[in-house]
Amino acid sequence: MTNVGIDAVDIWTGKLKLDLAETFAPEKGDDPEKYTKGLGLYESSFPDTYEDIVTMGANACKRLMKRKGLEPDDIGRIDVATESSFDNSKPISTYIAGCLEDVFDGDFHHANKGERKFACVAGTQAIDDAFNWIRAGRNRGRSAIVVATDTALYERGDPGEATQGAGAVAMLVSEDPDLVELSAEQGYGSADETDFLKPNQQFPSVDGKRSVQVYLARMREALVDYESVAGDIHPDDFAYAPFHTPFPGMVRRAALLAYRHITRDTEIEEELAADIGRQPREEAFDDYEAYQDALSDYTDALKGTDRYADWYDAAIEPTLDIARHVGNWYTGSVHVARVACLRRALNEGRDVSGKRLLLASYGSGAQAEIHHETVQDGWKAELEELNIDEQIAARYDLSFEEYEQVHAAHDHSQDRDFEEFTAPSDEFVFDGWGRMGERKYRYVE
Ligand code: HMG
């Protein structure tokens, strides 16, 4: 069977940042630790006034193609996953391909282009589509580009405002990949939910507290479904477990439940039994509520054990390194988490070749997907090419008043122009509207 996976990845962050503890919390009259400790977020990325989902996506693709020495002819498919699209018909991938054709020789006229939508899980679904296209033998030796690009903005004053973010992840999906091989086994947890949606509106309608519960419920279903095809899993099976990260505090909750689930009936449960007892079994309770209470007490106790803390620090914490400083990138979020943990392995000199990652994607509305990936020998060289740390450090630090301007500048219902905060160089920029209402772009040397 052909080995298919992610060959290369590149990331483009919005060029502005909002400091949540220093700038946002004081304006809201909140304790900064609500953000840094509670949600686990320090900063959010925002697009400058000349940036949007197309420029960020095209800039990430350009970096990826240049360093891999790719020409448009090498690409047979471009899919964009986004929930920030500004057109109900023309896909963002056509705009991105148009940008790239300005700087590369040749064109993408024989590449299949599309746009994937299912909230934040769409990036992973687009990778699935590319995987299936290659496995079906329809790729003619070519690779697919998947771009996950979003400006994750909430209505001003919405509780989600603290979790905003903006950026793009471009991924090259190929045969014999250098970064990770994708498993054929996958599990789904999917149900018709109304926790977070955008019914023909730019900013989401969100039931934040419910969205957290829906995330946990669908993840659990996906894990059970994944185990039904891949077999029971054990914490030692995976070097890291990157989750969709709307904010790190969400992953903290999900990881604890996942650990409880995968340690059930293992030697870990037995070893912990002396301190915290065994996990409650439903059949031992007459009353479901009493069972739930016992489960909740066990989970609290599990959280306090060194065994759990050590696993969390090793397998989960490294996946959050980038999210803490950029916020939620919706479709790109789980793909940022993958990069974050591999970058941590690189920085710590840990060789993860041949090791597995457990990927847990999620999109509101709602669907979770779980699969595993095997890290390939070329991972180090790939990670060394990324400049995300430099990009994060170079962002312009917004005052609160400037943040308000940037939010208004990206609000489609407002016709507001503001001066840019940074000077573009070697990148695609938004260049106004054309005669049919299309957005126009140009490359700035
Ligand atoms: P909130 O209600 O303002 O915050 O917003 P809170 O009061 O729940 O506090 C958050 C945490 O901070 C809590 O921790 C507090 O205890 C803690 P927890 O109990 O959850 O562990 N806290 C403090 N900690 C230390 N010191 C302090 C302090 N004060 C409070 N002083 C909410 C939270 C999630 C509702 C909001 O951010 C929101 O609506 N976010 C948007 C929705 C969202 O991100 N949902 C996540 C799951 S859905 C998802 O992931 C899909 C999504 O990405 C979209 C898509 O798929 O397209 C969103």
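Let's begin inside the protein: helix 5 provides the largest share of the lining of the largest cavity, namely three residues. Please keep in mind that this is a predicted model. The search of the whole structure turns up two cavities of 30 Å³ or more, and the ligand itself sits in the second largest pocket.

**The largest cavity**

- This cavity has a volume of about 50 Å³.
- Its lining is made by Thr124, Ile127, Asp128, Leu182, His335, Arg338, Leu359, Ser361, His371 and Glu373.
- Two or more lining residues come from each of helix 5 (122-135), helix 12 (333-347), strand 11 and strand 12 (367-375).
- Sorted by class, the lining of the largest cavity holds three nonpolar, four polar and three charged residues.

**The second largest cavity**

- Here the volume is about 30 Å³.
- The residues around the second largest cavity are Thr245, Ala323, Val326, Gly327, Trp329, Ser333 and Val336.
- Helix 11 (323-326) and helix 12 are the elements that contribute two or more residues to this lining.
- Four of the lining residues of the second largest cavity are nonpolar and three are polar, with no charged residue.

**The ligand and its shell**

- How many residues surround the ligand? There are 30, and the closest are Lys34, Glu83, Cys120, Lys209 and Ser211.
- Lys34 places a polar side-chain atom 2.8 Å from an oxygen atom of the ligand.
- For Asn328, a polar side-chain atom lies 3.0 Å from an oxygen atom of the ligand.
- At Cys120 the backbone takes part: one of its polar backbone atoms is 3.3 Å from an oxygen atom of the ligand.
- On its own the ligand has 1,100 Å² of accessible area, and the protein covers 74% of that.
- Helix 2 (32-39), helix 6 (208-230), helix 7 (248-263) and strand 11 (356-363) are the elements that give two or more residues to the shell around the ligand.
- Among these elements, helix 2 gives the most, with five residues.
- The shell around the ligand is made up of 13 nonpolar, nine polar and eight charged residues.

**The largest pocket**

- About 1,400 Å³ of space lies in the largest pocket.
- It is lined by 49 residues, and Ser84, Ser85, Phe86, Gln202 and His412 lie nearest its centre.
- Strand 9 (196-197) and strand 14 (427-433) each supply at least two residues of this lining.
- The lining of the largest pocket divides into 16 nonpolar, 16 polar and 17 charged residues.

**Backbone details worth a look**

- Where is the cis peptide bond from Gly365 found? This bond runs from Gly365 to Ala366, with omega near 5 degrees.
- Ala366 belongs to the loop between strand 11 and strand 12.
- Ala119 is not a glycine, yet it has a positive phi of about 40 degrees.
- The loop between strand 5 (112-116) and helix 5 is where Ala119 lies.

Conventions:
Residues are numbered from 1 along each chain as its sequence is written. This is a predicted model: local features need pLDDT of at least 70, side-chain atom pairs count only at pLDDT 80 or more; totals for chains, interfaces and linings use all residues. Side-chain values use heavy atoms; hydrogens and water are left out. A residue is near a molecule or strand if one of its heavy atoms lies within 4 Å of it. A polar contact is a pair of N or O atoms within 3.5 Å; within protein, one must be able to donate a hydrogen and the other to accept it, and residues adjacent in sequence count only if both atoms are side-chain atoms. Accessible areas come from the Shrake-Rupley method with a 1.4 Å probe; for residues, only the protein chains shown count as cover. On a 1 Å grid over the protein atoms alone, a cavity is a set of points where a 1.4 Å probe fits but cannot get out, and a pocket is an open set with protein on both sides within 12 Å along at least five of seven lines; lining residues have an atom within 4 Å of a point. A molecule sits in a cavity or pocket if more than half of its atoms lie within 2 Å of its grid points. Helices (H or I, at least four residues) and strands (E, at least two) are DSSP runs, numbered from the N terminus. Ala, Val, Leu, Ile, Met, Phe, Trp, Tyr, Cys and Pro count as nonpolar, Asp, Glu, Lys and Arg as charged, and the others, Gly among them, as polar. Grid points are joined across faces, edges and corners, and a volume is the space filled by probe spheres set on the points.
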